[in-house]
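Me: I would like the terms used for this structure set against their cut-offs, one at a time. Please start from the definitions.

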Amino acid sequence: MRVAVVGGGAVGLACAYELTRRGAEVVVLERDRVGDGCSRGNTGWICPSLSAPLPAPGVMSAALRGMLRPGSPVLIRPFVGPAFLRWSWRFWRACTPAEYRAGTEATTALAKSAFDLFDELREQGVEFELEATGMIVAALTEAGLDEYVAMVADAQKAGYEEP
């Protein structure tokens, strides 16, 4: 089997490694230097235990508000054409409570075996740093903290257990 992995960051390289280990002929497509994109921006940090789906109720309106504020964490300069408008419409339609719940259940199921899989990688000779520590959440407002608490509660309902 021939496989192309798009992105040479931590996740893309891990996928390429596992596919190769299972016998696939793999090529990694990276537009720049390996590890220089998202993995550099998040310093290679992957949170295998808790990750909320991006499409969530209210995220589109928050993104639109954020695009209008300088210094916002949401910095998108869209080319407003038919493709962008179609994508925006489909993304907005996916931001429902039911879709968010399904996404939370899926990411929770994936995370359940993450630490065991990291142990397997280490046993196979892949060198990396792994720290299983707690998290500190900082919020500028009570509402910001409440949003995070609600996300954790949703994940717990979906079966999330702290590692």
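Reply: Buried means under 20% relative accessible area, exposed means over 50%, and partly exposed is in between, with a 1.4 Å probe and protein chains only. Buried residues make up 21% of the 163 residues in the protein chain. This is a predicted model, in which local features need pLDDT of at least 70, side-chain atom pairs count only at pLDDT 80 or more, and totals for chains, interfaces and linings use all residues. Residues are numbered from 1 along each chain as its sequence is written, and side-chain values use heavy atoms, with hydrogens and water left out.

Me: Why is Gly103 called buried?

Reply: Gly103 has a relative accessible area of 19%. The limit for buried is under 20%, so Gly103 is counted as buried. Gly103 is located in helix α5, and its C-alpha atom is separated by 30 Å from that of Val126, 23 residues apart along the chain.

Me: What makes a stretch of the protein chain a helix or a strand?

Reply: Both are DSSP runs, numbered from the N terminus: helices are H or I with at least four residues, strands are E with at least two. The protein chain has seven helices and two strands, in the order β-α-β-α-α-α-α-α-α along the sequence.

Me: What makes Arg2 and Glu25 a salt bridge?

Reply: A salt bridge needs a side-chain nitrogen of Lys or Arg within 4 Å of a carboxyl oxygen of Asp or Glu. The closest N and O atoms of Arg2 and Glu25 are 3.8 Å apart, so the pair qualifies. The pair links distant parts of the chain, with Arg2 in strand β1 (residues 2-6) and Glu25 in strand β2 (residues 25-29), 23 residues apart. Arg2 is exposed, at a relative accessible area of 71%.

Me: How many salt bridges are found in the whole structure, and which residues form a network?

Reply: The search finds three salt bridges. Arg21 and Glu18 meet at 2.8 Å, N to O, and both lie in helix α1 (residues 10-21), three residues apart, about one turn of the helix. Arg22 also forms a salt bridge with Glu18, the closest N and O atoms being 2.7 Å apart. Salt bridges that share partners join Glu18, Arg21 and Arg22 into one network.

Me: Why are α5 and α7 called roughly perpendicular?

Reply: Axes are lines fitted to C-alpha atoms, for helices over the stretch in contact, and angles run from 0 to 180 degrees between N-to-C directions. Helix α5 (residues 97-111) and α7 pack at about 70°, with their axes 9 Å apart. Roughly perpendicular covers 65 to 115 degrees, which makes α5 roughly perpendicular to α7.

Technical notes
Angles under 35 degrees count as roughly parallel, over 145 as roughly antiparallel, 65 to 115 as roughly perpendicular and the rest as oblique.
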